[in-house]
Amino acid sequence: MTYALPPLNALRAFEAAARHLSFKLAAHELHVTPAAVGQQVKALEARLGVRLFDRLHKQLILTPAGQAYLPGISEGFRHIAEATSHLKPAGVLLQLGVHGSIDLRRLDLAEFRSAHPDIGLRVLQPAGLHEMVEGKVDLLIARGLGHHPGYRCNRIDEGSGLGDWLVAPEGTADCPEVVSFRAWLRALSAEKPRASGRPRLVGISGR
């Protein structure tokens, strides 16, 4: 049997935007830009031949068609999530972006992988906010001032100017794998200097 389905990415964009009534918040959840969410929804509306949202000034409202469509789409995603959860967990993949000038030895990534066998860790270097906005990384160690609306930033070195920051979208900053990596950095900062003299992280502070 062949199912007549719209593109799943477009359905995800619609469902997230409809829950939040915001393209911006949906974009944070899906790790894409608000413009990308808007384009996906627009393409879905064109495919279906109906308008799903009324786009008012600084406000997004579901049309009657959108209100009727949302429950079935949300239920479909819930069924997919439940079916997936019944499978044997295979762990999660955390995609970490790192700016080009940092020495990866500072992070003890091999030890993190050993301590968290349920978390797959993939590193992209060099990487910046552009890669995070495009959804290529889930978590980012960036060089800068740490002021990025919509993102949670934790400083991981000393000082008040430019520095290294751990950056995660607000929508996923409390996911277990992100919390585990943030805790790993905190643990590194609490360790005593190693006899080998290997550079280590100085500290991590919240914002």
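**Exercise 1. The H2–H3 pair**

Task: At what angle do H2 and H3 pack, and how far apart are their axes?

Solution. In this predicted model, H2 and H3 pack at an angle of about 105°, and their axes are 8 Å apart. Next, classify the angle. Values of 65 to 115 degrees count as roughly perpendicular. H2 and H3 are therefore roughly perpendicular to each other. Finally, list the contact residues. H2 contributes Phe23, Lys24, Ala26 and Ala27. H3 contributes Pro34, Val37, Gly38 and Val41.

**Exercise 2. H1 against H3**

Task: How do H1 and H3 pack, and which residues of H1 and H3 meet?

Solution. Start with the geometry. H1 and H3, the latter spanning residues 34–48, have axes 8 Å apart and an angle of about 110°. H1 and H3 are therefore roughly perpendicular to each other. Then take the handedness. The crossing in which H1 passes H3 is left-handed. Last, the contacts. On the H1 side are Asn9, Ala10, Leu11, Ala13, Phe14 and Ala17. They meet Val37, Gln40, Val41 and Leu44 in H3.

**Exercise 3. H1 against H2**

Task: Is the H1–H2 crossing left-handed or right-handed, and which class does the packing angle fall into?

Solution. Read the angle. H1 and H2 (residues 23–30) pack at about 125°, with axes 8 Å apart. That makes H1 oblique to H2. The crossing of H1 and H2 is right-handed. Now the residues. H1 uses Arg12, Ala13, Ala16, Ala17, Arg19 and His20. Their partners in H2 are Phe23, Leu25, Ala26, Glu29 and Leu30.

**Exercise 4. H1 itself, and what follows**

Task: How far does H1 reach from its first C-alpha to its last, and which residues of H1 are buried?

Solution. Begin with the span. H1 covers residues 8–20, which is 13 residues. From first C-alpha to last, H1 reaches 18 Å, close to the 18 Å expected at 1.5 Å a residue. Next, burial. The buried residues of H1 are Ala10, Leu11, Ala13, Phe14, Glu15, Ala16, Ala17 and Ala18. Then step past the end of the helix. Leu21 follows H1 and has a positive phi, near 50°. Leu21 sits in the loop between H1 and H2. With a relative accessible area of 42%, Leu21 is partly exposed.

**Exercise 5. The surroundings of Leu109**

Task: Which residues is Leu109 in contact with, neighbours within four places in sequence aside?

Solution. Leu109 lies in helix H5, residues 109–115. Leu109 has a relative accessible area of 8%, so Leu109 is buried. Then list the partners. They are Leu96, Leu104, Leu121, Val123 and Phe181. Leu109 and Phe181 are 72 residues apart in sequence. In space, their C-alpha atoms are 9.8 Å apart.

**Exercise 6. Cysteines**

Task: How many disulfides are there, and how accessible are Cys153 and Cys175?

Solution. Apply the cut-off: a disulfide needs two cysteine sulfur atoms within 2.5 Å. The count comes to 0 disulfides. Now check accessibility. Cys153 has 3% relative accessibility, so Cys153 counts as buried. Cys175 has a relative accessible area of 25% and is partly exposed.

**Exercise 7. The whole chain**

Task: How many helices and strands does the protein chain have, and in what order do the elements run?

Solution. Count first. The protein chain has 7 helices and 7 strands. From the N terminus on, the order is α-α-α-β-β-α-β-α-β-α-β-β-β-α. Then look at burial. Of 207 residues, 39% count as buried. Finish with contacts. Among contacts with a separation of 6 or more, 57% come from residues 24 or more positions apart.

Conventions: Residues are numbered from 1 along each chain as its sequence is written. This is a predicted model: local features need pLDDT of at least 70, side-chain atom pairs count only at pLDDT 80 or more; totals for chains, interfaces and linings use all residues. Side-chain values use heavy atoms; hydrogens and water are left out. Helices (H or I, at least four residues) and strands (E, at least two) are DSSP runs, numbered from the N terminus. The expected span of a helix is 1.5 Å times one less than its number of residues. Buried means under 20% relative accessible area, exposed over 50%, partly exposed in between (1.4 Å probe, protein chains only). Axes are lines fitted to C-alpha atoms, for helices over the stretch in contact, and angles run from 0 to 180 degrees between N-to-C directions. Angles under 35 degrees count as roughly parallel, over 145 as roughly antiparallel, 65 to 115 as roughly perpendicular and the rest as oblique. A crossing is left-handed if the near helix is turned anticlockwise from the far one by less than a right angle, and right-handed if clockwise. Contact means heavy atoms within 4.5 Å.
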